[in-house]
Amino acid sequence: ANGDRMWGTLVNGIKDGECAIITADGTRIFGTFENDQITHGLMETENNAFYGNWAEGMLHGSGAARYADGSCFCGDWHYGNPKA
């Protein structure tokens, strides 16, 4: 209904397992989901890309990001913030 498209595993209407999602705004998400949340995978927006481990919808643990200005960060993340 919201324009998102999803391929993958649903358990009782909740994403659980390998899934691919293309949102109405064009964001692409490919990865492993548990209890409707991505736990490992790739998210690409029009300008940025994020890959790694996720918690609560944010990179958490090892991961990498590529930003619109061409800069990158590879390393450890803490709830969406790179650890310096």
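Reader: Hi! Quick one to start: how many salt bridges does the structure hold?

Author: Hello! The structure, which is a predicted model, holds two salt bridges.

Reader: Nice. Which side chain does aspartate 36 meet in a salt bridge?

Author: That would be lysine 15, with an N to O distance of 3.2 Å. The pair links distant parts of the chain, 21 residues apart. Aspartate 36 sits in the loop between strand 3 and strand 4, while lysine 15 belongs to strand 2.

Reader: Is lysine 15 buried or exposed?

Author: Lysine 15 is buried, because its relative accessible area is 18% and the cut-off for buried is under 20%.

Reader: And aspartate 36, how does that one count?

Author: Aspartate 36 counts as partly exposed, at 33% relative accessibility.

Reader: What else does lysine 15 touch, leaving out residues up to four places away in sequence?

Author: Besides Asp36, its contacts are Met6, Thr9, Leu10, Ile21, Phe33, Glu34 and Asn35.

Reader: Changing topic: which residues make up the largest nonpolar core?

Author: There are eleven residues in that core: Cys19, Ile21, Ile29, Phe33, Ile38, Met43, Phe50, Trp54, Leu59, Ala65 and Trp77.

Reader: Which elements give two or more residues to this core?

Author: Five strands do: strand 2 (14–22), strand 3 (28–34), strand 4 (37–44), strand 5 (49–55) and strand 6 (58–66).

Reader: Let's zoom in on cysteine 19. What does it touch, again not counting residues up to four places away?

Author: Cysteine 19 has contacts with Met6, Trp7, Gly8 and Thr9, and also with Ile29, Phe30, Gly31 and Phe33.

Reader: Now strand 1. In what sense do strand 1 and strand 2 pair?

Author: They pair in the antiparallel sense, over six bridges, with strand 1 covering residues 5–11. Within that pairing, tryptophan 7 has alanine 20 of strand 2 as its bridge partner.

Reader: How many residues lie between strand 1 and strand 2 in the hairpin?

Author: Two residues lie between them. Asparagine 12, in the turn, has a positive phi of about 55 degrees.

Note on methods. Residues numbered from 1 in each chain as written. Predicted model: local features only at pLDDT ≥ 70, side-chain atom pairs only at ≥ 80, totals over all residues. Heavy atoms only, no water. Core = buried A, V, L, I, M, F, W, Y, C linked by side-chain atoms within 4.5 Å. Buried < 20%, exposed > 50% of the residue type's maximum accessible area, 1.4 Å probe, protein only. Helix = DSSP H or I, 4+ residues; strand = E, 2+ residues; numbered from the N terminus. Contact = heavy atoms within 4.5 Å. Pairing = 2+ DSSP bridges. Salt bridge = Lys/Arg side-chain N within 4 Å of Asp/Glu carboxyl O.
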